[in-house]
Amino acid sequence: MRRVVSICSLLAIASILWIDQCVAIEPEQDGIVFFETKIRPLLAQHCYECHGAGEQEGELRLDRYGDVIRGGKSGSAVVPGKADASLLITAVKYTDNDLQMPPDDKLDKTQIADLISWVNMGAPHPDAGEERKMGVQSNRPMPFDQVALEHWAFQPPREPALPAVQNSAWPHSPIDVFLLHRLESAGIRPAKAVDRRTLIRRATFDLIGLPPTIEEVDAFLSDQAPGAFERVVDRLLASPHYGERWGRHWLDVARYADSNGLDENAAHANAWRYRDYVIHSFNEDKPYDEFVREQLAGDLLASEDPHVRNERLVATGFLSLGPKVLAEPDKTKMEMDIIDEQIDTIGKAFLGLALGCARCHDHKFDPITTRDYYALAGIFKSTHTMDSFETIARWHEHELFDEKFEQEKATHEAQLAARQGELDELIAEATASLQEQLGASAALPAKPEESFPEETREKLKASREAIARLTKEPPRAPTAMGVQENAACDLAIHIRGSHLTLGEIVPRGLPAALVSAASVSIPADASGRLALAEWIASQENSLTARVLVNRVWRWHFGRGLVETTDNFGLKGTLPSHPELLDWLAHTFVSDGWSIKRLHRRIMLSAAYQLSSDYDAESAELDPRNELLWRSNIRRLEAEELRDTVLAITGQLDTTMAGPAIEIENYTLVFNHTSMDETKYDSPRRSVYLPVIRNHLHDSFTLFDYTDASLPNGNRSTSTVASQALYLMNSDFLAAIAGKLADRMFSVGLASEADRVDWLYQTALCRPAKEGEIIRALEFLERFDRVADGEGQAAQRHTAWQLFCQALVISNEFVYVR
Amino acid sequence: MVSAFAMWRNKKLADQALISRRRMLRESALGFGSLAAASMLVEASFGSGGQVLVSPHFAPRARRVIFLFMKGGPSHMDTFEPKPMLDRDDGKPLPFDKPRVQFAPTGNLLRSPWKFRNYGESGSAVSDLFPHVGQCVDDICFLHGVHGTNAAHGGALLKLHTGSDTFVRPSMGSWVSYGLGTENKNLPSFITICPTLAHGGVKNWGSAFLPASTQGTPLGVASRPSTEATMKYVQNNNALSDVQRSQLDLLSEMNREFNGAMGPHDELEARLKSFELAYRMQSEMPEAQDLTRETTATKALYGMNDAKTEDFGRQCLLARRFAERGVRFIQVTHSNTDVQWDQHSKLKEGHEQNALEVDKPIAGLLRDLKSRGLLDDTLVLWAGEFGRTPTAQGTDGRDHNPYGFTVWMAGGGVRGGYHHGSTDEYGFYAKTGKVHVHDLHATLLHLLGLDHERLTYRYSGRDFRLTDVGGQLVPEILA
């Protein structure tokens with residue numbers, strides 16, 4: 001409510017200012033004279049034919065003051081006092097591809113300058129006084145209703161009071177109090193606490209995306225001192241694998257990919273630097289507000305340290321990673337589409353808002369107007385994302401500081417200087433001896449070189465060639481995708497989203513309904529990206545912290561408190577536990593935006609440590625487990641599945657960081673040949689495998705990996721037969737099963753029963769039960785009868801391999817309880 | 001906050017049915033989901049057998065689609081829309097403005113190198129590029145006023161396949177699968193044979209935000225012979241089938257034990273059953289692709305006895321076999337490494353080779369479908385991503401032209417021997433009976449019994465459609 005008032009009063013103030021401005025520009029006699037001598041004749045000569053009394057193309061008429069101000073189809077032609085915001089000026093300057101007037105002949109410089117002066121003088125006109133009395137003023141009704149403004153997500157999170165609960169023994173933390181309060185109201189008792197084996201498996205997968213080793217399980221089981229689980233959580237948070245797992249979650253949101261996708265699948269050969277930046281940021285627990293600022297405006301943050309500077313430049317890759325229609329023949333459309341993708345991604349990723357909806361019309365549900373959209377679009381129009389729009393368009397890359405490159409450059413420059421010196425010396429010597437030859441007083445020929453001896457000329461040629469070679473191949477600095485500032489400018493509203501029908505020009509800014517007046521200030525010469533970043537990363541923003549804590553909750557529990565993690569608008573789902581969400585958001589911000597401490601807070605709660613045991617009574621009352629009476633089971637994600645089978649077979653290469661693809665930057669990953677040469681055979685963690693849009697690796701596509709073109713904080717879990725086919729029949733799984741059997745044999749176990757047990761421990765983090773051992777041995781024997789034609793040992797190995805495969809594709813293996 | 005909770009609860013109640021239906025689709029659709037009968041799904045996929053046909057919005061005219069995609073952009077004025085004025089004004093400048101946005105500059109008008117003949121009772125004119133298809137004109141409904149938005153291959157492919165050349169959206173095959181599900185529980189609902197990986201690649205058969213079960217299953221790729229067009233992982237190279245059966249029995253037992261401890265759980269149950277479905281697909285898919293069961297005469301009908309037409313003939317024959325077996329949407333792509341319908345130069349040589357490769361197989365497909373009674377409820381769609389310019393690029397080529405081109409349909413409820421719309425007298429712009437790509441999609445869905453405005457999916461806060469905010473049924477072409 002408070003906000004509604006402030007917005008209405010803002011508009012009121014704006015109207016007053018507008019009228020004030022009109023009053024302030026009382027037509028001076030000089031101005032009228034200027035209009036009559038310079039401007040009216042110019043308009044009459046060049047404009048009236050199409051925009052006068054006879055014809056009004058585009059519904060625009062320029063022979064009457066009121067019509068000039070009201071403008072035509074595209075909006076107001078002149079904003080008195082603001083040449084930059086006046087379509088008339090845009091048109092005559094010929095700076096916009098689609099709006100150039102007069103159409104055939106550009107006005108000369110003086111004429112354009114006169115028009116600009118006239119507008120900046122306040123567009124003095126003899127009829128101006130009359131029109132003002134009639135009330136020519138900007139009159140913008142609120143396009144959305146109170147409901148939109150009162151929507152819960154647009155109110156600042158407050159620290160809620162803890163509700164009362166009966167069972168005071170159960171809660172470990174305020175999180176539990178909020179949850180228990182709701183469970184008790186529904187008459188549901190939380191499930192019992194989970195056993196330690198299951199807990200360490202759950203925590204380890206959750207935090208690092210890998211299973212615990214047999215030793216880690218044993219250590220946890222035998223640690224009887226208080227705080228044993230806390231120590232496990234801290235160990236996992238300190239692991240470098242933590243950043244690989246949680247950085248990957250963020251990469252989903254950032255629609256990270258190593259190729260462009262869409263129409264022309266050009267290689268993002270340097271995108272990996274952004275991926276590594278994200279992993280690194282999670283590992284060092286970079287405060288989330290800083291993480292946000294760096295990705296939106298890292299290039300604008302001051303830093304003395306060149307490595308910090310590098311990191312911040314790389315961070316802006318976030319804005320450049322989107323899929324682009326690189327062969328779009330309509331270049332203006334391409335640019336606006338790229339800007340749209342940036343705005344939409346920012347909205348979904350940080351604010352949980354579908355800002356892109358306002359490109360063509362005011363948002364149907366959320367308080368975002370087209371005006372807001374183009375105020376944001378102006379920020380990105382003033383941001384340099386692309387170096388070229390010509391087919392195939394090229395995105396910008398930052399040059400990064402690099403010691404090795406600096407050395408190479410210095411060496412190269414020295415070599416060049418030395419060569420040049422040699423050349424100069426050679427010429428000087430040869431010229432001197434030529435002079436000597438001709439006599440001191442004789443004039444040298446116009447081209448003395450032609451008179452040098454043959455041998456000298458050969459030397460010169462060789463020397464020049466050497467210099468040319470060096471010049472041609474200078475050392476190249478490492479580069480990274482990213483953005484920088486462009487010349488600042490405002491955009492016109494694109495009516496129905498089309499760059500061919502332009503409306504009123506709107507100043508760069510932030511969504512009016514979501515911003516308090518004081519926080520917007522975009523300098524005339526700045527894009528406004530920094531202001532946008534500051535606003536998003538501020539605790540004043542009611543969305544940012546909520547959206548983030550909800551993401552983290554989703555990635556731990558399988559479902560967000562707000563189920564639509566990327567949409568907190570009116571069409572998103574309402575929070576199941578609004579107070580808990582606010583408590584988490586509030587604590588998160590007051591605790592320095594630390595994500596690692598947020599994990600601890602969540603994981604040390606009783607709620608996180610619930611078992612997943614079924615209870616018919618509770619299920620009756622809350623079948624979807626929305627109140628969280630038990631732990632949700634979850635399937636391993638595509639990366640976890642692959643990484644885990646590599647890990648338990650001893651093949652996982654844990655090398656961190658580095659390039660993902662070997663393809664030259666900007667070249668197509670595949671063209672008409674439809675052959676994809678991308679290599680996926682590396683045994684490194686999946687986060688380092690290439691992410692090729694339009695042709696993701698099979699094991700990714702099949703297991704609900706993110707699309708990599710759209711921001712996605714909520715991967716789905718589909719269960720389809722093609723997954724089963726892959727698990728049953730792919731060479732990869734067959735090889736994994738073989739390796740697991742090999743490893744089992746290499747451990748030196750005494751009996752077949754021990755082997756079965758070792759496999760259960762390794763794959764499922766628990767010992768095999770007696771019945772399971774018997775069943776396994778029976779399977780192996782039965783197999784003996786089925787298989788034929790092979791030697792005994794080989795046959796046995798194959799039997800074990802099939803058993804291993806069954807184990808790693810079983811529900812118990814692929815689900816975390 | 002109290003009121004927020006109350007609102008939440010009310011909204012939950014209101015959305016309950018919707019959510020459970022969508023969750024069902026998203027999370028436990030085993031094989032191949034369907035909109036209208038999500039509750040039937042598990043049963044349908046694993047029940048006692050029998051065909052699953054879901055009730056569409058209204059009576060369907062077609063039950064499945066075969067989409068013959070001509071990658072690169074076949075020229076309409078050289079194939080199915082004769083332009084006598086081009087002959088007359090060959091070499092002269094185009095007497096009106098060229099479009100604001102063009103892919104490449106073009107010069108003056110260029111006449112067609114081919115003669116047109118009238119075929120069938122309808123007397124439809126078809127150029128000498130398509131003598132076999134010419135014989136089928138009375139079953140074909142030509143749309144001459146089709147227009148798109150994008151003059152580049154990538155954008156135009158995405159527009160045609162997904163309805164958007166700007167955003168990542170589900171493909172039309174996915175929408176159809178989403179809307180109608182499959183008629184055969186043991187086969188995918190959407191199969192694309194030899195698709196191209198360029199210009200949108202997977203996006204052209206992807207499901208984007210629709211349930212993964214609706215995505216197309218690719219068989220092979222465009223640059224490899226169609227003999228290699230098989231479904232990945234459908235064959236096991238490492239275990240004998242009876243051995244695999246015992247392995248699956250063991251797996252099934254282990255899974256049942258695990259599931260038991262978790263209580264009733266759709267997703268876990270679905271996973272248990274997915275292995276059985278996969279096991280059945282292992283035999284059904286190779287059977288569907290086994291062309292040895294086809295007679296020599298049938299193969300000859302598709303041109304499989306001729307090296308020139310053998311490759312595309314196989315694709316068309318496979319399409320018929322999948323159609324017979326209840327696959328809902330089958331796409332066949334004509335494109336390979338060297339030859340696409342993209343003649344920026346050497347129009348004559350290029351189009352002649354392309355047409356030769358597809359003409360007989362397409363006619364064979366139409367005849368075969370008809371003789372088996374399949375053409376009545378199978379909609380065959382023939383389209384490129386755009387047409388070509390009547391003006392010359394270089395001396396003997398034509399540029400991309402999304403502003404007006406020909407697409408045709410046959411069977412499944414369309415008027416045979418009918419010509420709808422036209423381009424201008426030279427063939428540059430759609431002029432009469434204009435059909436935007438969105439309109440084409442709306443009409444295609446209509447023929448399948450689906451209302452394009454009601455076939456929606458909620459994603460990121462709003463309901464999406466194949467036709468975005470456009471699309472109008474073209475009623476004139478309905479039989």
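**Helix packing, chain contact and domains**

In chain A of this predicted model, helix α15 (residues 288–297) and helix α22 (residues 529–536) have axes that come within 9 Å and cross at roughly 160°. Helices here are DSSP runs (H or I, at least four residues), numbered from the N terminus. Axes are lines fitted to C-alpha atoms over the stretch in contact, with angles running from 0 to 180 degrees between N-to-C directions. α15(A) and α22(A) are therefore roughly antiparallel to each other, the term for angles over 145 degrees. The crossing of α15(A) past α22(A) is right-handed; that is, the near helix is turned clockwise from the far one by less than a right angle.

On the α15(A) side, the contact is made by A:Val292, A:Arg293, A:Leu296 and A:Ala297, and on the α22(A) side by A:Arg529, A:Leu530, A:Leu532, A:Ala533, A:Glu534 and A:Ile536. Two residues are in contact if their C-beta atoms, placed from the backbone, lie within 7 Å. By class, this contact of α15(A) with α22(A) has seven nonpolar, no polar and three charged residues. Ala, Val, Leu, Ile, Met, Phe, Trp, Tyr, Cys and Pro count as nonpolar, Asp, Glu, Lys and Arg as charged, and the others, Gly among them, as polar.

Chain A also holds a pair formed by helix α20 (residues 403–438) and helix α21 (residues 454–472), which pack at an angle of about 160° with their axes 10 Å apart. That makes α20(A) roughly antiparallel to α21(A). Their crossing is left-handed, the near helix being turned anticlockwise. Residues of α20(A) in this contact include A:His412, A:Leu416, A:Arg419 and A:Leu423, while those of α21(A) include A:Thr456, A:Leu460, A:Arg464 and A:Ile467. The contact of α20(A) with α21(A) divides into eight nonpolar, six polar and four charged residues.

Between the chains, the contact takes 72 residues from chain B and 69 residues from chain A. On the chain B side, α1 (2–28), α5 (153–162), α7 (241–262) and α8 (266–288) each give two or more residues. The largest share of that side, 12 residues, comes from α7(B). The chain B side divides into 36 nonpolar, 26 polar and 10 charged residues.

Chain B is assigned domain 1 (31–230 + 291–477) and domain 2 (232–288), with bounds from an automatic or database domain assignment. The C-alpha centres of these two domains of chain B lie 36 Å apart.

Residues are numbered from 1 along each chain as its sequence is written, and chains are lettered from A and ligands numbered from 1 in the order in which they are written. Local features need pLDDT of at least 70 and side-chain atom pairs count only at pLDDT 80 or more, while totals for chains, interfaces and linings use all residues.

Definitions and conventions: Parallel < 35°, antiparallel > 145°, perpendicular 65-115°, else oblique.
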